[in-house]
Structures are given as C-alpha cells and as structure tokens.
Amino acid sequence: MKNLVAQPELGEEELNNVVQAVKSGWISSKGEFIHTFEEEFAHYCGIKYGVATSNGTVALHLALTALGIGTGDEVLVPSLTFVGTANAVTYTGAKPIFIDSHPIYWCINPDRLEEKITPWTRAIIPVHLYGHPCDMDAIMQVVRQHNLYLIEDADEAHGAEYKGRKVGALGDIACFSFYGNKIITTGEGGMCLTNDESLYRSMQILRDHGADPARRYWHDRIGFNYRMTNLQAAVGVAQLLRLDSFVERKRQLASWYNSLLQGVPGIELPVEMPWARNVYWMYSIVVSDSFPISRDGLMNRLAEEGVETRPFFWSMHLLPPYSQGMSFPQAERLSHRGINLPSSVSLTREQAEYIAAIIRKEGGV
Ligand SMILES: Cc1ncc(COP(=O)(O)O)c(C=O)c1O
C-alpha cells in the first residue's frame, strides 16, 4: 500500500549520525548526540531545557512526578486523546478527570474545565490533538485562577504555534513523543521541555533512578530508567534539521486535501483557528450522518482502493479501565466518526487527488 497514514522519512544524515554513534562506542544513554538533541530541540521550541526520554508516555510520567503529583490528586485531561496521556496520570496514583472536546477544533474544551475543578485538582494536560494547538490563553486563565500546573502534551504537534509561539513554551513542562509516526522520529523516544531550572534538574535525576549526580550510586529518591539512547538521539538530531520542511509539506498536503474535499456534503474538515498554526500531524475528517455511508464503510472503501486510514482514538471514558459511566457528546461524536487520512510527508498532489476522488465518489459528488 502506497498511501500510508504516517511513513517516516529517513536519509543519509540519519544514517551518518547513527554510524558515527556506533563507531564512537556510545550506544547507550551517554554520548554527544543526547545533549545536542536536547539543546537543539529545546532551542527550536524557544525553551531553555530539554530532558530526552525513552518515549512520550514516560515523558508525561516524568513531568507529573517532578511536579509532585501523586495519589489523591486529580489531573484534567481531554477525553479524546491517545491513552498514553491518561495512563501517565494513572501511573502516579492520581486520577485522570476527563473533559469534553471543542466541537470545532477538537482539542480540550476550555469552557468545560471550571466545572471539573475540585479541591484535589492539581494540573491540566491539554493535548494539541492531531497537530492543532489548544486555546492556551483560555486554559491559562483557569490554571492561574486555581493555582494549577500546566503540562502540555505536544506529542502530536512538533512545530505548531499558538499566537506565534511554538507549542511547548506555554506551560510548566511540555512533553513530546518521537515515535515512528510522529512529525520527527527517533523510533521510540520522547522529551520534556521546561524553562524552570529546578524542574529540569529534578527530571534529569528522576530519569536516572533518582541518582545523585555528585555521589556515585547514591539514590535519595525512587526514580526510573527513562533514558534515551545515543542511537535514538543521533536519528533525532538529523530529523530536527528537516522539521520545518516536514511541517511545510504537511501544511501543503492539508491545503490540497482542503481544496479537494471542500463542499463534500457530510464531511467535516479540520480547521485552523485564527490563533493557531496547525501542523496537521494527521489530516483528519469527520463523517456525519448526512454522508451516504458510515465512517467504517468509508474506511473500508478506501482500504479496497489501497488507501490506509485510521479511526480517531476511542474517547478515554469509553475504555474499560477508565469507564466512568459519563457522556461527553463531542468526544464521542468525533471518536465514532473521525478518520485520519494518509498524512505522510512524502504524499504527492496526485495521491491526494486519488484519495479525495474516492471520498467524493462515495459522497455522490
Ligand atoms: C497525545 C499523545 N500522548 C501520548 C503519547 C505517547 O507517546 P509514546 O507513544 O511515545 O509513548 C502519544 C503518542 O503515541 C500521543 O499521541
């Protein structure tokens, strides 16, 4: 199948860096590429400090732990997200409290936060879903009013901007994933970014089993092995050089899809709010009742024509471990009706035309 949802693009630079790391003998979690990747990615996002991790889920867990969040605490998260966001909260002993989605741009709805605040609420984790930033000013207002922490889950939104500032620079800590389907990848991998030096030091220590940097094998708290390898970072350093061009190509692909799918009755297209620079990690559509076939029917038709798609995430409150007997109408609507279309940076205009033609035909256009 050629029309893939998310195919990484790796080349000579990645290969050369990995060869260099192998030749240096530094293949575990010490080595030059790790510091370079941390510094350069943090710099790219306009943030002071980076702590590279083995994946995005543990980056979130590390951030929550560094902020002292644990048993008895509550953390507000969108119901519509990848399960890793909620799981990271659960690992700390805290409880994820779900919030419905915004009907237009699909991220956490800031108008629904206030009603879920309790004396136990400690933090909010907005997720920049599928590459579109959350409404950070509205979220920050609630954060300030209730003295909460803000952790951005920017796993899906490398390079996205809110009011001209890169996402990741807006909260106490931001977390990124570099899984193979992300905008830039290290295979598996993640990073926490912060401007706060003491949180930075804490996260470095917690990432390494709580090891005291000044006293060998002394551990005055329980930490984790959440380290990234130099091999992963070698790939990351090379990928970072391409990040702006990947974002441009994702945005180009989105503008092709937008013009090709505009006006198909029953198909809702992704938006870009006036305050947002969407990086379209996944170009996604929502199939409504007025479309002649169901969401799953359309996905099957596309698969028959060699087009890979993914359904939207299940809303967390519908999953057995998190089922709270609650209803979040927007998250459920999106979850049941959303499709991620092929969004690989290598997709051509011809491929977008081919994919859109199938959707238009099924829509009777
Ligand atoms: C929103 C979100 N949060 C958390 C994660 C977890 O990241 P990882 O798969 O690197 O652990 C992902 C992606 O996979 C994600 O999309």
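Author: A cavity, in the sense used here, is a set of grid points where a 1.4 Å probe fits but cannot get out, and a residue counts as lining when one of its atoms is within 4 Å of a point. The model is a predicted one, and the values that follow are computed from it.

With that rule, the second largest cavity is lined by Ile104, Tyr105, Trp106, Leu129, Tyr130, His132, Pro270, Val271, Asn278, Tyr280, Met282 and Ser284. Its volume is about 80 Å³, and when the residues of this lining are sorted by class, nine are nonpolar and three polar, while no charged residue is found there.

The count of cavities of 30 Å³ or more comes to two, and the largest cavity has a volume of about 110 Å³. Around the largest cavity there are 16 lining residues, and those that lie nearest its centre are Gln7, Pro8, Lys182, Ile183 and Lys250. By class, the lining of the largest cavity is made up of six nonpolar, seven polar and three charged residues.

Pockets, unlike cavities, are open sets of points. The largest pocket holds about 830 Å³ of space, and of the 27 residues that line the largest pocket, Lys30, Gln204, Arg207, Asp208 and Arg227 are the closest to its centre. The elements α2 (32–45), β1 (49–53) and α6 (197–207) each give two or more residues to this lining, and among the elements it is α6 that gives the most, with five residues. Sorted by class, the lining of the largest pocket has eleven charged residues, nine nonpolar ones and seven polar ones.

The second largest pocket has a volume of about 390 Å³, and its lining counts 26 residues, of which Phe82, Glu156, Lys182, Trp281 and Phe313 lie nearest the centre. Two or more residues of this lining come from each of α3 (56–66), α4 (83–91) and β13 (310–311), and α3 gives the most, with three residues. The classes in the lining of the second largest pocket are ten nonpolar, ten polar and six charged residues.

This second largest pocket is also the space that the ligand takes. There are 13 residues around the ligand, and Gly56, Thr57, Asp155, Glu156 and Ser177 are the ones that come nearest. By class, this shell consists of two nonpolar, seven polar and four charged residues.

Several side chains can then be followed to particular atoms of the ligand. In the side chain of glutamate 156, an N or O atom is 2.5 Å from an oxygen atom of the ligand, and glutamate 156 is also among the residues nearest the centre of the second largest pocket. A polar side-chain atom of asparagine 55 lies 3.3 Å from an oxygen atom of the ligand, whereas for threonine 85 a polar side-chain atom lies 3.3 Å from a nitrogen atom of the ligand. Taken alone, the ligand exposes 390 Å², and the protein buries 93% of that area.

Key
Residues are numbered from 1 along each chain as its sequence is written. This is a predicted model: local features need pLDDT of at least 70, side-chain atom pairs count only at pLDDT 80 or more; totals for chains, interfaces and linings use all residues. Side-chain values use heavy atoms; hydrogens and water are left out. A residue is near a molecule or strand if one of its heavy atoms lies within 4 Å of it. A polar contact is a pair of N or O atoms within 3.5 Å; within protein, one must be able to donate a hydrogen and the other to accept it, and residues adjacent in sequence count only if both atoms are side-chain atoms. Accessible areas come from the Shrake-Rupley method with a 1.4 Å probe; for residues, only the protein chains shown count as cover. On a 1 Å grid over the protein atoms alone, a cavity is a set of points where a 1.4 Å probe fits but cannot get out, and a pocket is an open set with protein on both sides within 12 Å along at least five of seven lines; lining residues have an atom within 4 Å of a point. A molecule sits in a cavity or pocket if more than half of its atoms lie within 2 Å of its grid points. Ala, Val, Leu, Ile, Met, Phe, Trp, Tyr, Cys and Pro count as nonpolar, Asp, Glu, Lys and Arg as charged, and the others, Gly among them, as polar. Grid points are joined across faces, edges and corners, and a volume is the space filled by probe spheres set on the points. Helices (H or I, at least four residues) and strands (E, at least two) are DSSP runs, numbered from the N terminus.
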